[in-house]
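Trainee: Before we start, I would like to go through this model with a few questions.
Mentor: Go ahead.

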2 protein chains.
Amino acid sequence: MRAWETNVRRVVPYVPGDQPKGDHLIKLNTNENPYPPAPGVCRALREMEADRFRKYPDPSSASLVRVLAERYDVDEDQVFVGVGSDDVIAMAFLTFFNSDRPILFPDISYSFYRVWADLFRVPYETSALDEAFRIRTEDYERPNGGIIFPNPNAPTGLLLPLEDVEEIIRRNPDVVVIVDEAYIDFAGGMSALELTRKYDNLLVVQTFSKSRSMAGIRIGYAIGNASLIRALNDVKYSFNSYTMNMPSQILGVEAVKDEAYFRETVARIVETREWAKGELRKLGFSFPDSSSNFIFASHEQFPAEKLFEDLRKEQIYVRYFKQPRLDHYLRITIGTREEMEALFAFLKVYPG
Amino acid sequence: MRAWETNVRRVVPYVPGDQPKGDHLIKLNTNENPYPPAPGVCRALREMEADRFRKYPDPSSASLVRVLAERYDVDEDQVFVGVGSDDVIAMAFLTFFNSDRPILFPDISYSFYRVWADLFRVPYETSALDEAFRIRTEDYERPNGGIIFPNPNAPTGLLLPLEDVEEIIRRNPDVVVIVDEAYIDFAGGMSALELTRKYDNLLVVQTFSKSRSMAGIRIGYAIGNASLIRALNDVKYSFNSYTMNMPSQILGVEAVKDEAYFRETVARIVETREWAKGELRKLGFSFPDSSSNFIFASHEQFPAEKLFEDLRKEQIYVRYFKQPRLDHYLRITIGTREEMEALFAFLKVYPG
């Protein structure tokens, strides 16, 4: 080992789902939206002038912050934007989780939480979900340095009722509670956003990657009271003055503006999901009742890893987690009706 | 103070130059390139398909890494890319500067170094530049936890000769040495890149924001030996799996491909700079001899702050730093010949 290597921060990074390439594959493995971004996004892209790129972007991303504030009926100083919700959460860990007490999150949830805790050397403890994969609110009553959980949870898709979310926040007024709502738009109006008016320690994080069909553009945001957002921005501007590039700022605004398209595509995905639940049940699968854009499904006869591999041979990609309690399941993103039909056609004749 | 606020990381962020808006202003304050990005960038923008944005970008930015590796004649595993060189340097601080010993950098240099050190709680010591604003290599011989300096330096524009750069690296084999070459393309082939073959602890950081006219797109990169780059990537993937969005990846590739345009616009800026030096001298200004795309100029009769304000009234923006040793100077970005002529026309009749 070379001497300089002794001061290198050693981490085990998060592993995202594959991004296989090809035109004919069915990609149900990374919870992307099967529909294109809003028409206004395409229009703004066509009208974008490359000449402007020679200048720095607005460091505050003011235009994007403004439309988000309007859309969610909060003040502009209550909105923080970042390069995907991963960037937002990374900044939030760095900003808010500086206690000697452990932060708390569920043992089964977004696996990146552990990675951030390790990266920033934040002590943490996890609480086991119950046998039905539910978060037990009483697990979040012990002394802690902060709390984070996804709602709906991933990879289960299960929604924690809003009163339970509030219960966790109410019992933890002395730490920052982050509700990671990457999938909330598929859950039918169950966001904790309204609770930010009542609790100054609540930060709600959402993303453009799923419900707004903009995973490739990298936009996430957080909403909370102004002093939380100010602290987050101070850390962001101490990390990189200009995190969000011009295309993201310009295209992001258009995605928010087209509320009708947003509602329509979300409704279509929810409709496909509900139909897919019925099909999966008929095929003998069982799963927690999903409120997200994926279903976490298991089959008694079909070992999940084998099914995952067999699907891949057919160019159908789903996500498999080789981990205790998860390794009997496949996480299947809701694609278009046609994509789901191709999946079910395969499963109907699947020998196991 | 609310209880949760006791665990908030308090930082004093870096303050970037103003981004004033308007079509008729002359913006010489943030070292942007006065020429548009390469024609291939504009073409790729016009051909970009918004439909692709629904999917996640390639987390490794492989296409961009590939063209950079070809351009700089290194292996692909020697190239790290980030969201502007600020993002690259922030990741490098987090990855490499974890010693109890202080890191070292010049007292007058990129003011963000202090901000990152504070953010990540890295101890640091600065060394004073000499009376002519030169880095003294002997200042970098004491025990330390890492070294970073810009070359050419900012805001002075002064180039440290390559043999002095090598001297600093050679004397510090046990720590990572980062040479921040944001402005090196204006210095005529004086990059430390070739030294990465010889020193495994050297990381060279460059950017698309200046010489490639892409400040608004946010691309920076680092080149070094493969184990440095692997460590950097592990930290990046532990922070955010997908930092660089699709437009950056696509447009960045085109910017690198057009070597002729790159050389031509860089040559034009250097030519304007050399002419501007003569004009400034005639007007009674003095300045360190710049090898960058800006000139750090001072005038005996004109107090810098007053001149800064008077220029701003004329819609001519330059940069003024209200700091000891710097507050007699203005940092003037090299614009087009026409923009510089407008500046000089004003200065020629300036009453002071």
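Mentor: Keep in mind that this is a predicted model. Strand E9 of chain B and strand E10 (residues 294-299) of chain B pair in the antiparallel sense, over two bridges.

Trainee: Which residue in E10(B) stands opposite B:Phe285?
Mentor: E9(B) spans 285-286, and E10(B) is paired with E9(B) over two bridges. The residue of E10(B) facing B:Phe285 is B:His299.

Trainee: Which are the edge strands of the open sheet in chain B?
Mentor: The sheet has four strands, in the order E9-E10-E13-E12 (chain B), with antiparallel pairing. An edge strand here pairs on one side only, and that applies to E9 (285-286) and E12 (319-320) of chain B.

Trainee: How is H2(B) oriented relative to H7(B), roughly parallel or roughly antiparallel?
Mentor: Helix H2 (residues 62-71) and helix H7 (residues 246-257) of chain B pack with axes 8 Å apart and an angle of about 15 degrees. Angles under 35 degrees count as roughly parallel. Therefore H2(B) and H7(B) are roughly parallel.

Trainee: How many nonpolar residues does the contact of H2(B) with H7(B) have?
Mentor: From H2(B), the residues include B:Leu64 and B:Val67, and from H7(B) they include B:Val253 and B:Val256. By class, the contact has one charged residue, three polar and, for the nonpolar class, five.

Methods:
Residues are numbered from 1 along each chain as its sequence is written. Chains are lettered from A and ligands numbered from 1 in the order in which they are written. This is a predicted model: local features need pLDDT of at least 70, side-chain atom pairs count only at pLDDT 80 or more; totals for chains, interfaces and linings use all residues. Side-chain values use heavy atoms; hydrogens and water are left out. Two strands pair if DSSP finds at least two bridges between them. Axes are lines fitted to C-alpha atoms, for helices over the stretch in contact, and angles run from 0 to 180 degrees between N-to-C directions. Angles under 35 degrees count as roughly parallel, over 145 as roughly antiparallel, 65 to 115 as roughly perpendicular and the rest as oblique. Contact means heavy atoms within 4.5 Å. Ala, Val, Leu, Ile, Met, Phe, Trp, Tyr, Cys and Pro count as nonpolar, Asp, Glu, Lys and Arg as charged, and the others, Gly among them, as polar.
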